[in-house]
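Subject: Structure handover and findings

Hello,

Here is the structure we talked about.

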Amino acid sequence: MVVVMTSQLSVPLLSRLRELFPGFAVSALVAATAQFLSEHYGAPAMLMALLLGLALNFLAEEGAKTAPGISMTARTVLRLGVALLGARISVEMLARLGWPLVLLVVAGVVATILFALAVARLFGRRWRFALLTGGAVAICGASAAMAIAAVLPRHERSERDLVFTVLSVTVLSTVAMVIYPMLTGWLGHDDHKAGVFLGGTIHDVAQVVGAGFSISPEAGETATLVKLIRVSMLAPVVLAFSVIIRARGLAGPAEGARPPLLPGFVLGFLALAALNSLGLVPAGIAALAGDLSRWCLLVAIAAVGIKTSLARMLEVGAGAIALLVLETLFLGGWVMAGLHLLG
């Protein structure tokens, strides 16, 4: 009898997997292609996955065999990737940098998000777009944008705004990777200060690593450490957004489903960070989780790109671009002023 029940349960599961596999496979293939282009031509993998995905928008149209799997990948695989980021975070990592610099970085995250909320109306943007772009700039670029989008109330422009934000912060990160190391040299920063500045201002982890190690190993290691502190702010910020949205009743029936109080991927992030802080995650497992997280996020952003119409994304306008640039400049100014004050 147990065998019969198990067999009955497995039929719908297998049917569901068959339905989802084509879309997941397409997203994974786009991600693998993007990684190949990144390794051989130096282009950011996230940017390549997004652009390739946009070109395949027809695969997400209603009735397409790949549509269900693409939708699942953009949602579920994304959450898994964000949760796995927690394996790279520990309390020891925070203490190693020194609490004054940790406070500078944490305050910069909060200040950038508040700045985005304050100036968004000047550019004709609402609070959801401000939280999305401000959080992406302040924390960790594309990864943060996708995590924040998962808890914001859904609306008809959600996918468009997410793709625009990911594309913009990736491009800005690439520009900063080239310009910021020259700026630190012009300002006379030593390797330690240069690393703090790069890790505290550049949006995406890969570009932080590239910029830091282009100066020196010390600058690269410091920049990566500071960047991971910003990444550690992802769970608290997403949780705070979720609580505030629920408490203020901002997710009305017309705007989308009410977000959960504590999303499962945030719990996963916090659990892995806690285990890593207690020394219960071996270094090899943490490295494996980091690689798996990067691949999950790459596959997810490929799926998000496929789901999004390029024509609709271009409707965002110059005001949105100006807002993101201004947020980037604000964060850079904040970290630079903090370094000056701390000596």
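Predicted model: local features only at pLDDT ≥ 70, side-chain atom pairs only at ≥ 80, totals over all residues.

Residues are numbered from 1 along each chain as its sequence is written, and side-chain values use heavy atoms, with hydrogens and water left out.

**Overall fold**

The chain has 16 helices and zero strands. Helices (H or I, at least four residues) and strands (E, at least two) are DSSP runs, numbered from the N terminus. The radius of gyration is 20 Å, close to the 20 Å from the globule rule for 343 residues, so the chain is as compact as a globular protein of that length. That radius is taken over C-alpha atoms, and the rule is 2.2 Å times the number of residues to the power 0.38. Along its principal axes, the C-alpha trace spans about 70 × 50 × 45 Å.

Of the 343 residues, 51% are buried. Buried means under 20% relative accessible area, exposed over 50%, and partly exposed in between (1.4 Å probe, protein chains only). Among contacts with a separation of 6 or more, 79% join residues 24 or more positions apart. A contact means heavy atoms within 4.5 Å.

**Largest pocket**

Pockets and cavities come from a 1 Å grid over the protein atoms alone. A cavity is a set of points where a 1.4 Å probe fits but cannot get out. A pocket is an open set with protein on both sides within 12 Å along at least five of seven lines. Lining residues have an atom within 4 Å of a point. Grid points are joined across faces, edges and corners, and a volume is the space filled by probe spheres set on the points.

The largest pocket holds about 720 Å³ of space. Its lining has 32 residues, and Asp204, Val205, Ala206, Gln207 and Arg294 lie nearest the centre. Two or more lining residues come from each of α1 (2-41), α2 (45-55), α7 (142-149), α8, α10, α11 and α14 (283-307). The largest share is that of α14, with nine residues. By class, the lining is 18 nonpolar, nine polar and five charged. Here Ala, Val, Leu, Ile, Met, Phe, Trp, Tyr, Cys and Pro count as nonpolar, Asp, Glu, Lys and Arg as charged, and the others, Gly among them, as polar.

**Helix α10**

Helix α10 (residues 205-213) buries Gln207, Val208, Ala211 and Gly212. Seen down the axis of α10, these buried residues fall within an arc of 130 degrees, so they line one face of the helix. The arc is that of the directions from the helix axis to the C-beta atoms. The buried residues of α10 pack against α8 (158-187), α9 (191-201) and α11 (217-232).

**Second largest pocket**

This pocket has a volume of about 300 Å³. It is lined by 13 residues, with Ile113, Leu117, Leu131, Phe241 and Ile244 nearest its centre. At least two lining residues come from each of α5 (99-119), α6 (127-138) and α12 (234-247). Helix α12 gives the most, five residues. The lining divides into twelve nonpolar, no polar and one charged.

**Cavity**

There is one cavity of 30 Å³ or more. About 100 Å³ of space lies in the largest cavity. Helices α6 and α8 each give two or more residues to its lining. Residues lining it include Arg128, Phe129, Arg154, His155 and Asp161. The lining has six nonpolar, two polar and three charged residues.

**Single residues**

Arg160 sits in helix α8. Arg160 is buried, at 7% relative accessible area. Its C-alpha atom is 39 Å from that of Pro217, 57 residues apart along the chain.

Ser90 lies in the loop between α3 (67-84) and α4 (91-97). At 12% relative accessibility, Ser90 counts as buried. Leaving aside neighbours within four places in sequence, Ser90 is in contact with Asn276 and Ser277.

Phe36 belongs to helix α1. Phe36 counts as partly exposed, at 43% relative accessibility. The C-alpha atoms of Phe36 and Pro282 are separated by 29 Å, and the two are 246 residues apart along the chain.

Best wishes
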